[in-house]
Amino acid sequence: QVQLVESGGGLVQAGGSLRLSCTASGSIFSINSINVMGWYRQTPGKQRELVATFTSGGSTSYADSVKGRFTISRDNAKNTVWLQMNSLKPEDTAVYYCNSVTIFRRDYWGQGTQVTVSS
């Protein structure tokens, strides 16, 4: 089992920045089995969508809507992944969820953190 705890959400004006963090905990075996860590977001009535991912090999990917504005980073020693969000727009308002996928293809989710961008 892997537990994911997010922090860093809040209310910000358009054009502002926020930094989300997510720390994984669990057994050493579970932690060492994590391959991908990433962020998803969801707004009411819509499907959860991928924002950014970071693989254990160091590869990153981003949704087109956040490229150039958001940066994902990861520290394996701290079992932590961050999402730096700059130039935020009202359409970035959502609940942001941390996700991890293990080498056994098991998915784990955090509880979510609200990000609200006012215009």
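A charge is taken to sit over a ring if NZ of Lys or CZ of Arg is within 6 Å of the ring centre and within 35 degrees of the ring normal. In this predicted model, local features need pLDDT of at least 70 and side-chain atom pairs count only at pLDDT 80 or more, while totals for chains, interfaces and linings use all residues. Residues are numbered from 1 along each chain as its sequence is written, and side-chain values use heavy atoms, with hydrogens and water left out.

The charged end of R48 meets the ring criterion at Y97, where it sits 3.7 Å from the ring centre. R48 also lies over the face of W109, at 4.6 Å from the centre of that ring. W109 is partly exposed, at 37% relative accessibility; here buried means under 20% relative accessible area, exposed means over 50%, and partly exposed lies in between (1.4 Å probe, protein chains only).

Aromatic pairs were assigned to rings of Phe, Tyr and Trp (its six-membered ring) with centres within 6.5 Å; planes under 30 degrees apart count as stacked, over 60 as edge-to-face and the rest as tilted. F29 and F104 are stacked, at 5.8 Å centre to centre with 25 degrees between the planes. This pair links distant parts of the chain, with F29 in helix α1 and F104 in the loop between β9 (94–102) and β10 (107–109), 75 residues apart. Y40 and W109 form an edge-to-face pair, with 5.1 Å between centres and 70 degrees between the planes. Distant parts of the chain are again linked: Y40 belongs to strand β4 (residues 34–42) and W109 to strand β10, 69 residues apart. Helices (H or I, at least four residues) and strands (E, at least two) are DSSP runs, numbered from the N terminus.

F29, located in helix α1 (residues 28–32), is exposed, with a relative accessible area of 59%. Together with I103 and F104, F29 forms a nonpolar surface patch of about 370 Å² accessible area. Patches are made of residues with over 30% relative accessible area and no salt bridge; like charges are joined within 9 Å, and nonpolar side chains (Val, Leu, Ile, Met, Phe, Trp, Tyr) within 5 Å. Accessible areas come from the Shrake-Rupley method with a 1.4 Å probe, and for residues only the protein chains shown count as cover.

Side chains of opposite charge can pair when their charged atoms come close. With a salt bridge defined as a side-chain nitrogen of Lys or Arg within 4 Å of a carboxyl oxygen of Asp or Glu, the whole structure contains four. One of them joins R41 to E49, with the closest N and O atoms 2.7 Å apart. R41 is buried, with a relative accessible area of 6%, whereas E49 is partly exposed at 37%. Another joins K67 and D64 at 3.1 Å, N to O; K67 is partly exposed at 49% relative accessibility, and D64 is exposed at 63%.

A salt bridge also connects D92 and R69, at 2.7 Å from N to O. D92 lies in the loop between β8 (80–85) and β9, and R69 in the loop between β6 (60–62) and β7 (70–75), so the pair ties together parts that are 23 residues apart in sequence. D92 is buried, at 1% relative accessibility, and R69 is buried, at 11%.
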